[in-house]
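Could you walk me through this model, one residue and one element at a time? I would like the cut-offs along the way, please.

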Amino acid sequence: MRILITRTDRIGDVILSLPVIENLRRVWPQSFLAMVVRPYTAPLLKNNPFLDEIIVYDKYGQQRGVGASLRFALFLRRKRFDTALILHPTNRMHLITFIAGIRKRIGWRKKLGFLLTHSLPHTKQEGAKHERDYNLELLRLIGIVPQKVLPRLYPDREAEEWIENFWQRHALGGKTVIALGIGASCPSKIWPTGYFAELAKLLRERYKAEIVIVASEAEKHLRDEFAENYKYEFLDLTGKLDLIRIVSLFRKINLFIGNDSGLAHICAAVDTAVISIFGRGQPGLSPRRWRPLGRKSMFIHKDAGCKICLAHNCQRGFLCLRMIKPEEVALLAAGLLREN
């Protein structure tokens with residue numbers, strides 16, 4: 001059996017789809033499993049022992065136009081997949097797998113969902129269960145009773161060598177190292193940087209913690225705001241890490257504290273302690289659906305009483321985030337650090 005799994009959205013979404021691959025391998029150990037992802041999430045699949053092939057679909061680049069997408073569909077046709085699991089419903093992926101002649105096309109009844117051969121109603125916006133469990137639910141359409149395994153990411157040898165050198169260079173052996181993820185994809189997910197700085201001060205005072213800032217190149221302004229408020233030295237990895245090195249970094253640290261973002265899911269998937277800070281409370285965007293899954297994963301969220309969330313157009317100054325105080329997060333951190 002040749003099975004194609006597609007997930008063409010973001011980091012956290014791809015990570016929460018990994019249990020699908022593991023379940024397929026468990027039930028059909030001899031099957032050929034390939035996964036279609038976007039270029040920037042592809043490194044997350046590197047070294048995954050359950051996957052045979054990573055296929056990159058650059059929907060905002062190389063495969064942006066109609067012609068390029070058609071050529072991609074014909075490329076998939078030549079690979080002779082007999083089953084496609086489309087975990088993230090898009091018009092393009094429904095159409096591509098149809099043109100590719102994949103006999104069984106399984107997904108959500110949304111966005112050209114009529115092109116699917118097996119489908120479930122799309123109710124994810126109701127947030128009745130976790131995203132991982134929504135993904136696993138699709139397996140029932142091909143006769144698999146899924147096991148709720150945790151997402152797992154796997155290390156890369158070069159990245160492991162890099163982190164060992166980094167640890168030695170900064171004399172981090174035996175120290176409590178805490179990474180802070182100060183950015184996110186939307187302002188409605190970003191805890192105030194001043195709060196992060198206050199939290200870092202508490203962690204420094206109480207645990208002599210070495211603070212590491214992990215952020216993208218586009219989030220340098222947040223790093224600058226943090227530095228202005230923190231005043232102490234910290235290890236700044238803003239814009240310096242690819243996903244493979246982030247995986248190795250997170251395998252090494254004691255704790256990650258960050259916003260509702262892909263970084264929290266990476267950390268949980270390498271079994272490192274994580275605290276994720278949530279703002280928005282609509283069911284489909286809430287921790288019930290998007291919290292990081294791991295043995296040492298926690299989240300904090302407060303209801304600001306908004307009847308309708310306006311997300312980045314918030315008229316209340318992101319009160320839901322400002323209600324979460326640094327001391328509260330520090331207390332959660334204390335519990336996780338005691339367990340380590």
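Here are some questions and answers on helices, loops and a pocket.

This is a predicted model, where local features need pLDDT of at least 70, side-chain atom pairs count only at pLDDT 80 or more, and totals for chains, interfaces and linings use all residues. Residues are numbered from 1 along each chain as its sequence is written, and side-chain values use heavy atoms, with hydrogens and water left out.

Q: Which residues of helix α4 are buried?
A: Happy to start here: helices (H or I, at least four residues) and strands (E, at least two) are DSSP runs, numbered from the N terminus. Buried means under 20% relative accessible area, exposed over 50%, and partly exposed in between, with a 1.4 Å probe and protein chains only. In α4, which spans residues 91-99, the buried ones are M93, H94, I96 and T97.

Q: Why are the buried residues on the same side of α4?
A: The residues in question are M93, H94, I96 and T97.

Q: What covers the buried residues of α4?
A: Contact here means heavy atoms within 4.5 Å. The cover includes a helix, α3 (66-78). It also includes the strands β1 (2-6), β2 (32-37), β4 (83-86) and β5 (104-109).

Q: Which residues of helix α2 are buried?
A: Helix α2 (residues 18-27) is mostly covered, with eight of its ten residues buried. They pack against β1, α1, β2, β4 and α5 (131-137). The buried residues are L18, P19, V20, I21, E22, N23, L24 and R25.

Q: Which backbone nitrogen lies 3.2 Å from a polar atom of the E219 side chain?
A: E219 is in the loop between β8 (210-214) and α8 (220-230). With a relative accessible area of 15%, E219 is buried. Its contacts, not counting residues up to four places away in sequence, are G183 and A184. The backbone nitrogen asked for belongs to A184.

Q: What is the phi of K111?
A: K111 lies in the loop between β5 and β6 (118-121). K111 is partly exposed, with a relative accessible area of 43%. Although K111 is not a glycine, its phi is positive, at about 55°.

Q: Where is F318 found?
A: F318 is not a glycine, yet its phi is positive, at about 55°. Its relative accessible area is 21%, so F318 is partly exposed. F318 is in the loop between β12 (297-301) and α12 (319-322).

Q: Which residues are closest to the centre of the second largest pocket?
A: On a 1 Å grid over the protein atoms alone, a pocket is an open set of points where a 1.4 Å probe fits, with protein on both sides within 12 Å along at least five of seven lines; lining residues have an atom within 4 Å of a point. This pocket has a volume of about 330 Å³, the space filled by probe spheres set on the points, which are joined across faces, edges and corners. Of the 22 lining residues, the closest to the centre are R280, G281, C306, I308 and C309.

Methods:
A polar contact is a pair of N or O atoms within 3.5 Å; within protein, one must be able to donate a hydrogen and the other to accept it, and residues adjacent in sequence count only if both atoms are side-chain atoms.
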